[in-house]
Amino acid sequence: MYRSKYSIIAKFVIGLLVLQIVSHASIKIDGYFIVEKNCTAVHSIKKGTHPFILTKGMAYKVIAKNKPEASHYLITIESLEENPNKWVSVDCGMLLTDCKTSQVEKPAKEKNYLLAISWQPAFCQSHQSKEECKTQTEDRYDATHLALHGLWPQPRNNTYCNVSDKDKSVDRRKYWHLLDPLGLSEETFSDLLISMPGVASYLQRHEWIKHGTCYSNSAEMYYKDSLKLINKINDTNISTLFANNIEKTITTEQIRDTFNEAFGEGSGEKVNVKCKKGLIVELWINLKGDINKDDNLSKLLQNAPAVNNISCESGMVDAVGF
């Protein structure tokens, strides 16, 4: 009898504790938060600890909200090794879930993109078995010019738009040769063979399935616009900077200064340099606007958000060969 009374009381107390914990718990959500003005994210809403200044135009992964009628979202700032999860006020920007604008938030006025371009000899150091790397020569275009990797609509979860589960699975397992041909015009495909050496490994099918489907309904338009961007960059002193410094070290500051000279002051702040084992492998370039309608790369760069954290300060420009 005493045991049964104790059991009932214990269950009641535990229930109250659980109810109290749940009432104070955050609510899990999955999406992205687009910062629309300069504001601060904090580790604790009440105490305002470990503040981090957010940059307008940047996208951050959202993992929770503080209550059903949220006043704050919990975002992850990947560049922070300590305390990467911080709370930001809902008034600071716009919530995106499932690649769509949430019903309580207004849509973005302009589109953000990330253009990824590669220095192919450095890429090939860690991908020696790829066909485009086995066949690279010193007189091939990509030995002295930057190569197209991809044009990625932002935020980064904006991928595989209206793509079947089967094609997603094939793509994620890197069986890119099994994906359907894109039906590109002969002119566009010929240009890709020059500017995107990864075509030898069916990279163009992967980039279209994962990123291009969220850019346009047409693979032809996606690659025409991508080629327009990489060609404009290669027509400037940016490619010359790399070609004239093979087997030498150049700095992020030099690269950014060259972008400023080519596309106007402030353009260089939109460029992030990616290095691997001391070699410059890629440039990640922020763009904002309608690429298909706006033929002015300077404007796309000027409107884009600045890079928050530089990935590497300097690196060597690799030569062809392993």
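The model is predicted. The count of disulfides comes to 4, and the count of salt bridges comes to 5.

- Numbered in sequence order, the bonded cysteines of the protein chain pair as 1-2, 3-4, 5-6 and 7-8.
- C39 is joined to C92 by a disulfide, with an S to S distance of 1.6 Å. This pair links distant parts of the chain, 53 residues apart. C39 lies in strand β2 (residues 39–41), while C92 sits in the loop between β6 (85–89) and β7 (93–97).
- The link of C39 and C92 is left-handed, with -50 degrees about the S-S bond. C39 is buried at 17% relative accessibility. C92 is buried too, at 3%.
- Another disulfide joins C124 to C133, S to S 2.2 Å. The link of C124 and C133 is left-handed, at -80 degrees about the S-S bond.
- C124 has a relative accessible area of 1%, so C124 counts as buried. C133 is buried at 4%.
- The sulfur atoms of C161 and C214 are 2.0 Å apart and form a disulfide. The torsion about their S-S bond is about 105 degrees, so this disulfide is right-handed.
- C161 and C214 also link distant parts of the chain, 53 residues apart. C161 is in the loop between β10 (147–153) and α4, and C214 is in the loop between α6 and α7. C214 is buried, at 17% relative accessibility.

- Side chains of opposite charge can pair when their charged atoms come close.
- D30 and K61 meet in a salt bridge through their side chains, 2.2 Å from N to O. The pair connects distant parts of the chain, 31 residues apart: D30 is in strand β1 (residues 27–35) and K61 in strand β4 (residues 59–65). K61 is partly exposed, at 26% relative accessibility.
- E131 and K134 form a salt bridge at 3.6 Å, N to O. Both lie in helix α3 (residues 131–134), 3 residues apart, about one turn of the helix. E131 is partly exposed at 38%, whereas K134 is exposed at 52%.
- K224 and E220 form a salt bridge at 4.0 Å, N to O. Both belong to helix α7 (residues 219–234), 4 residues apart, about one turn of the helix. K224 is partly exposed at 44%, but E220 is buried at 19%.

**Helix α4**

- Helix α4 spans residues 165–172, and its residues D167, V170 and D171 are buried. They sit on the same side of α4 because they cover an arc of only 95 degrees around the axis.
- These buried residues pack against α6 (203–210).
- The face turned away from the buried side carries the exposed residues D165 and R172.
- K174 follows α4 and has a positive phi, near 65 degrees.

**Surface patch and a buried contact site**

- F189, L193 and I194 make a nonpolar surface patch of about 260 Å². F189 lies in helix α5 (residues 186–195). F189 is partly exposed, with a relative accessible area of 33%.
- N112 is in strand β9 (residues 112–118). N112 is buried, with a relative accessible area of 16%.
- Leaving aside residues up to four places away in sequence, N112 touches G57, W152, P153, Q154, L287, K288 and P305.

Conventions
Residues numbered from 1 in each chain as written. Predicted model: local features only at pLDDT ≥ 70, side-chain atom pairs only at ≥ 80, totals over all residues. Heavy atoms only, no water. Buried < 20%, exposed > 50% of the residue type's maximum accessible area, 1.4 Å probe, protein only. Helix = DSSP H or I, 4+ residues; strand = E, 2+ residues; numbered from the N terminus. Arc of directions from axis to C-beta. Contact = heavy atoms within 4.5 Å. Patch = residues over 30% accessible without salt bridge, like charges linked within 9 Å, V, L, I, M, F, W, Y side chains within 5 Å. Areas by Shrake-Rupley, 256 points an atom, 1.4 Å probe, with all protein chains shown as cover. Disulfide = S-S within 2.5 Å.
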